[in-house]
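Here are a few exercises to work through with the structure open beside you. Try each task before you read its solution.

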Amino acid sequence: MTKIDLSLRINGRDIDVSVPEDATLLEVLREELHLNGSRFGCGQEKCGACMVLVDGAPTFSCGREAATVANRDIETIESLERNDPLFASLIEHQAAQCAFCLPGIVMSAKALLRRNPHPERAEVLSALEPHLCRCGAHQRIVTAIMSAGTP
Amino acid sequence: MKSPSLAAAPLVADWLDLTEPDKVIVRTGKVELGQGILTALAQVASTSLGVDPACVTVVSGVTGVTPNEGYTAGSLSVPHSATALEAACDTCVSRFREHIAKRHGVNPGEIDLAAGRFTGPGIPDAATLWSVAADIGLDFEVADNAAKPPQNSQPPSLPRTDLPQKIAGGGMIQDIAVENMLHARVLHPPCLGARVDTSSLSEKDRSDIVVEGSFVAVVGDDLLSATRKAERLAARLEWTGGTEITQSMLNAETLRDLPHKVIEHGEEPPEAQGLEEVVAVYRRPYLMHASIGCVTALARWNNGDELHVISQSQGPYQLRDALAVLFGLNPASVSVTHAPGAGCYGHNGADDVAADAALVARHFPGRTVRVSWSRGEEFASSPLASAADAIISAKVGADGRPVSMTLDIASATHARRPGTAPAGTLLGELHRSEAQSLPEPIEVPEMHGWGGLRNAISPYAIASQNARLRLVDPPGLRTSAMRGLGTHINVLTIESFIDELASRAGADPLDYRLSILEDARARDVLVRVAETAAWAERPEAGTGDGWGIAYSRYKNRAAYVAMVAHVTVEETVRLNKVWCCADSGRIINMDGLRNQIEGGIIQSASWALFEEVRLTDEGTLPQHWDDYPIMRFPDIPEIHLDIVDTPDPVPLGAGEVSVGPTTAAISNAVAHALGVRLRTLPFSREKIMTALLEA
């Protein structure tokens with residue numbers, strides 16, 4: 001397997017990796033860098049469990065070769081501060097069951113809240129369209145995101 | 001009644017460890033599936049022992065360490081485990097009080113317990129839970145849980161103890177890695193019974209492959225290399241034989257034509273002359289677990305005959321025993337430790353992937369092997385939830401009410417978990433064996449609330465009722481337990497049919513139900529949900545705007561749940577809102593209860609509107625989310641949930657109680673919206689178009 005050297009800017013840190021040339025961003029995050037919060041759900045860009053932000057835009061890390069995002073700003077769930085209002089709101093609303101889907105959802109929500117700190121329900125539903133949750137915690141998750149901008 | 005969990009673990013010491021000062025270790029056989037059970041148990045221990053929740057650590061699902069409480073299934077974790085733990089804590093405190101009282105010559109009634117410290121006149125400061133435990137130990141029997149307050153003096157819900165870590169991206173089995181670990185991918189046959197031909201593989205291909213019979217796995221030092229090699233090899237492996245699946249085999253209406261054994265529940269109604277008979281047929285397709293994560297397990301063999309497994313299984317002890325059978329070991333040589341995975345709603349691939357890991361790891365003694373399934377395997381290799389074909393018939397009296405009712409269900413089994421058969425419950429075990437035959441299908445016995453017959457007898461006051469299960473064994477399809485088992489099709493069938501009878505009688509569906517429903521708690525949830533949803537103001541039928549109501553008592557002995565659904569039907573069904581009123585008996589953790597009921601509503605709505613196992617264009621079972629769509633965020637209804645504060649000392653469970661009435665209420669709402677009834681799930685665009693053309 002041919003390896004390539006890449007410089008990735010992840011959560012504000014520049015990290016040099018040597019990875020197989022076809023390695024996806026998700027594979028590099030999880031297997032090389034042990035940033036396990038981005039999750040493998042399908043590898044088909046259909047469930048959103050692997051969602052990260054690339055230059056602020058929600059991006060399926062499972063379908064993106066790491067080489068294509070070199071030197072761009074990558075944000076993963078590991079960048080979420082415990083004092084982030086979104087984190088607090090998710091806890092306040094107990095907005096999860098298994099929580100496997102949640103790190104990806106949080107990244108899409110971060111992007112939405114930066115654009116619009118007080119989204120309407122329809123805007124949240126639309127921003128979360130790429131994400132699947134099977135436990136049925138949707139209503140709590142939506143409420144938590146809508147409330148995150150309100151101190 | 002004594003919790004069955006106490007029969008398995010009768011001593012306080014089975015449940016509690018008070019060795020380390022200011023720490024309470026709780027042991028439970030129930031496992032965390034995202035339902036918050038470990039939080040509920042921590043809350044119970046903290047409340048009953050009077051300690052801060054932060055002192056409590058819950059150890060869960062470790063064979064040889066925690067009580068064997070069977071599967072974490074059946075909406076029974078709070079009813080069984082929480083009540084057992086509470087009894088253990090209460091017994092402990094009362095025994096400790098007696099000990100202190102005797103020792104210091106005081107009255108036990110004068111001893112207070114707070115923050116783990118016993119206080120009162122004449123009691124030295126040193127008397128704590130931990131000091132008394134050190135004195136007298138915990139090896140005494142748990143007393144039957146005597147007088148609990150007549151409920152809902154509920155303490156506030158303890159927030160989920162595992163959420164902060166999980167939101168931040170931790171705490172999953174997929175994240176567990178150890179030094180020198182190997183990764184493996186399994187190459188599953190295209191269908192059950194297929195044999196692999198490896199003769200075309202080169203020497204190079206064969207390196208890093210494990211082949212036992214038709215069990216094939218690829219091993220690598222890292223996940224990427226194992227995955228890439230598996231992908232390359234999958235394209236080249238040749239499979240022959242096996243049971244090819246056709247679309248016709250997946251259609252519920254073909255179930256009744258298969259050979260079957262009959263299980264009767266109740267007596268055939270007597271011949272009734274002169275009464276009109278009404279008959280309807282309801283169907284649901286095969287369904288999938290469709291968890292968002294892919295099942296994962298780790299296994300390691302030591303000293304040749306000692307197997308250690310980390311698994312997301314719902315039943316660590318049952319998995320341990322099945323692995324012992326698979327490898328011809330004494331169960332004591334096998335350990336299974338639970339670790340949380342993505343949401344689990346029944347018998348998915350969790351046990352299978354653990355067997356996969358164990359099969360591979362046996363070739364690499366002393367090394368831990370981690371196996372994860374791919375999305376395609378998650379879909380096509382996990383057990384399915386059975387389709388069902390249900391014929392319901394009633395003899396109706398002159399007053400329009402049923403005199404007798406018979407439900408005749410054709411369904412495959414809901415019970416193929418480890419422990420339901422002596423062998424053959426693990427997929428890798430089947431692939432490895434020559435015969436590859438699935439265990440004989442069984443019906444879950446009545447004492448466990450039935451499988452295909454769950455909720456097959458209606459809750460209504462009908463002079464004569466019976467149900468008949470035609471238990472079929474569809475070739476090539478491995479079916480097993482999923483959330484609620486037969487309750488989903490049976491409540492859909494009965495509650496839709498009751499609406500049809502109400503309509504024949506010219507009665508409002510709510511009034512009609514109340515006219516044949518005696519149980520006060522049942523009537524209460526129906527009346528309350530109707531009030532909240534402003535049922536009386538629903539429009540005429542056939543306007544495209546539909547309101548439906550439904551009721552069931554889970555297993556006919558657990559929680560009472562009534563539901564109203566509001567839909568708008570154009571080309572598709574838009575589920576706008578669901579109102580639910582539930583009486584789940586005594587409440588331990590209110591937020592956990594609500595979360596489970598909400599989740600059941602969403603999952604059931606997804607089954608009702610979107611889900612169906614169909615063959616792909618390539619003739620395989622679904623491989624991608626596009627092949628098996630589920631409810632997405634823009635599709636979700638608003639949910640209004642009302643929990644009854646009832647003076648029942650017994651908790652009745654939550655996990656599965658809402659799945660039956662949700663689909664039934666949607667069915668009734670769709671019929672009300674269209675003025676035409678759809679009787680086969682899912683209520684898709686195709687079904688609506690067909691129904692409207694035929695109307």
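**Exercise 1. Describe the contact between chain A and chain B.**

Solution. Start with the head count: 45 residues of chain A and 43 residues of chain B take part. Next, look at which helices of chain A contribute: H1 (25-32), H2, H3, H4 and H5 each supply at least two residues to the side that touches chain B. Finally, sort that side of chain A by class, which gives 26 nonpolar, 12 polar and 7 charged residues. Keep in mind that this is a predicted model; the predictor gives the complex an ipTM of 0.97 and a pTM of 0.97.

**Exercise 2. Decide how far helix H5 (residues 138-147) of chain A is enclosed by the rest of the structure.**

Solution. A residue is buried if 20 or more other C-beta atoms lie within 10 Å of its own. In H5(A), the buried residues are A:His138, A:Gln139, A:Arg140, A:Ile141, A:Val142, A:Ala144 and A:Ile145. That makes 7 of the 10 residues, so the helix is largely enclosed. The cover over these buried residues draws on both chains, including H2 (85-92), H3 (102-115) and H4 (121-127) of chain A as well as helix H17 (590-609) and strand S23 (638-643) of chain B.

**Exercise 3. Characterise the packing of H14 (residues 487-504) against H18 (residues 659-674) in chain B.**

Solution. Two packed helices are described by the angle and the distance between their axes. Here the axes come within 8 Å and cross at roughly 35 degrees, and the crossing of H14(B) and H18(B) is right-handed. Now list the partners: among them are B:Val491, B:Leu492 and B:Glu495 on H14(B), and B:Ala664, B:Ser667 and B:Ala671 on H18(B). The residues of this contact divide into 6 nonpolar, 7 polar and 2 charged.

**Exercise 4. Examine the backbone at B:Trp450, B:Lys555 and B:Pro682.**

Solution. Recall first that most residues other than glycine have a negative phi, and most peptide bonds are trans.

- B:Trp450 has a positive phi, near 65 degrees, and sits in the loop between H13 (427-432) and S19 (464-472) of chain B. It counts as buried because it has 25 C-beta neighbours inside 10 Å.
- B:Lys555 also has a positive phi, about 60 degrees, in the loop between S20 (545-553) and S21 (560-569) of chain B. With 23 other C-beta atoms within 10 Å, B:Lys555 is buried.
- B:Pro682 belongs to the loop between H18 and H19 (685-694) of chain B.

Key:
Residues numbered from 1 in each chain as written. Chains lettered and ligands numbered in written order. Predicted model: local features only at pLDDT ≥ 70, side-chain atom pairs only at ≥ 80, totals over all residues. Axes fitted to C-alpha atoms, helices over the stretch in contact; angles between N-to-C directions. Helix = DSSP H or I, 4+ residues; strand = E, 2+ residues; numbered from the N terminus. Left-handed = near helix turned anticlockwise from the far one by under 90°. Contact = placed C-beta atoms within 7 Å. Nonpolar A, V, L, I, M, F, W, Y, C, P; charged D, E, K, R; others polar. Buried ≥ 20, exposed ≤ 12 C-beta atoms within 10 Å, placed from the backbone.
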